[in-house]
Amino acid sequence: MEADVTEGLDIDVLAWGARAKARCDALGLPPYSEVEGQLTRRFLTPAHAAALTTLSEWMAAAGMSVRRDAAANLIGRYEGETPGAKALIIGSHIDSVRNGGRYDGPLGIMLGVDVVEALHRAGRRLPFAIEVVAFGDEEGSRFPASMSCSRAIVGSLDPSALAMKDADGVSVAQALAAFGGDPDAIAAAARRPEDVLAFLEAHIEQGPVLEAEGLALGVVTAIAAQKRLMVRIEGVAGHAGTTPMALRNDPAPAAAEAMLALERICRAGADGLVGTVGRMTALPGAFNVIPGAVEFSMDIRAETSATRDAAVEAVTAEIQAIADRRGLRAEITLMQVLAESPCDPSLMGLLEESLSDLSLPARRLPSGAGHDAMVMADLCPVAMLFIRCEGGISHNPAEAVSEADCALAAQAMLHFIDKLERRERA
Ligand code: HGY
Ligand code: MN
Ligand code: MN
């Protein structure tokens, strides 16, 4: 077993894990949440701005220089032995889903700040820099698409994404400019491959596997492919009291049939196939009006794009058939495509060695959840460290992690950095 890399570092590791957790908790309340009594922190809101202000202070106290790029990414940099060295980027997202959990995203950022602070306090410099990044839009909880911040860093952000509007009709570009970003300079946020060594994201598992097997940490093998679609079924609005059932062109029961079809097709699938309707709206949305239209979202994922696409095709055909049979019009719009993303085998190996240094089994597992790492994989080799979360619950205020698991994750990350240093000096 390697010497414990935390020896000689003036940190009380358990207290350390407690601090990372406590910082996520601190950011779970206003002004870092848009809503009293829950955590909702959407991209480019005042809650997002408040979180970046506090994160900047924590990054600076950890010995980092701090900047924001044109896409509103917050980037702390701990310089290497030689200024301008390639960077190991450690990060995750600071935005949340509506009424979400406190650790989905922020924990990976806090742990990055912790490991840099440990190195800084020990005066250790590496043959590479370390950058800690807080991505602002991984969830896509404000605008229809997501991952715009990591896409900006990778240089793959489609300009059309800047025109996407939120429920109030505000575009990404308008919100970004108001936030202090620069929609016209997004291209400047892109990093050159030669400046980036690797990307490491520590993240809660958001599933039940680690807890069920009594494991604190896991090594991610790949991230599932996903597609986001909006379905609109149009009928004829009418009076709820005077229109006989047989004379209705009501899109609501058609939408219900379509959602059942999505469930049936995904239940019958393999390869981790899942389908979710997270948002549904009847328009105009009055008790006494037969809806003129119904809109609902579909999030369809699988371990491979092929399985994902076969399911999307089957559901699309069924929705069309339902609409035709009922004399309605169906329109399905593709909002986002994310290909499955494998983690880098050699970095996975370093993570596994790090876990065994801590006498922990090196459990490999796929991620059904999407992460910025799947976008960063277009820029550099990526690795993900999963952290057990209680009951596998996530995207829910009941999301919880233990201080001990946070401390173990930080130690594993330090061991990982140690091994990366040895590899870079070889
Ligand atoms: O949707 C996801 O998988 C991630 O939590 N954004
Ligand atoms: Mn997340
Ligand atoms: Mn999430």
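User: What makes an atom a donor to a metal here?

Analyst: Donors are N, O and S atoms within 2.8 Å of the metal (3.2 Å for Na, K and Ca), and sites may look incomplete because water is not among the atoms. This is a predicted model, in which local features need pLDDT of at least 70, side-chain atom pairs count only at pLDDT 80 or more, and totals for chains, interfaces and linings use all residues. Residues are numbered from 1 along each chain as its sequence is written, chains are lettered from A and ligands numbered from 1 in the order in which they are written, and side-chain values use heavy atoms, without hydrogens and water.

User: Which residues coordinate the manganese ion (ligand 3)?

Analyst: The manganese ion (ligand 3) is coordinated by Asp-104 (OD), Glu-139 (OE) and His-395 (NE2) at 2.0 to 2.2 Å, and the cut-off for donors is 2.8 Å. Asp-104 also coordinates the manganese ion (ligand 2), 3.4 Å from the manganese ion (ligand 3). Asp-104 lies in the loop between β3 (87–93) and α3 (106–121), and His-395 in the loop between β16 (382–387) and α11 (403–425), so the pair ties together parts that are 291 residues apart in sequence. Helices (H or I, at least four residues) and strands (E, at least two) are DSSP runs, numbered from the N terminus.

User: Why is Asp-104 called buried?

Analyst: Buried means under 20% relative accessible area, exposed over 50%, and partly exposed in between (1.4 Å probe, protein chains only). Asp-104 has a relative accessible area of 5% and is therefore buried. His-395, at 43%, counts as partly exposed.

User: How do you know that Asp-166 and Arg-142 are joined by a polar contact?

Analyst: A polar contact is a pair of N or O atoms within 3.5 Å; within protein, one must be able to donate a hydrogen and the other to accept it, and residues adjacent in sequence count only if both atoms are side-chain atoms. The side chains of Asp-166 and Arg-142 are joined by such a contact of 3.0 Å. The side chain of Asp-166 also reaches the backbone nitrogen of Val-170 at 2.8 Å. Asp-166 is itself buried, at 8% relative accessible area.

User: How many salt bridges cross the interface of domain 1 and domain 2?

Analyst: A salt bridge is a side-chain nitrogen of Lys or Arg within 4 Å of a carboxyl oxygen of Asp or Glu. By that rule, the interface of domain 1 and domain 2 has 0 salt bridges, whereas 4 residue pairs are in polar contact (both at pLDDT 80 or more).
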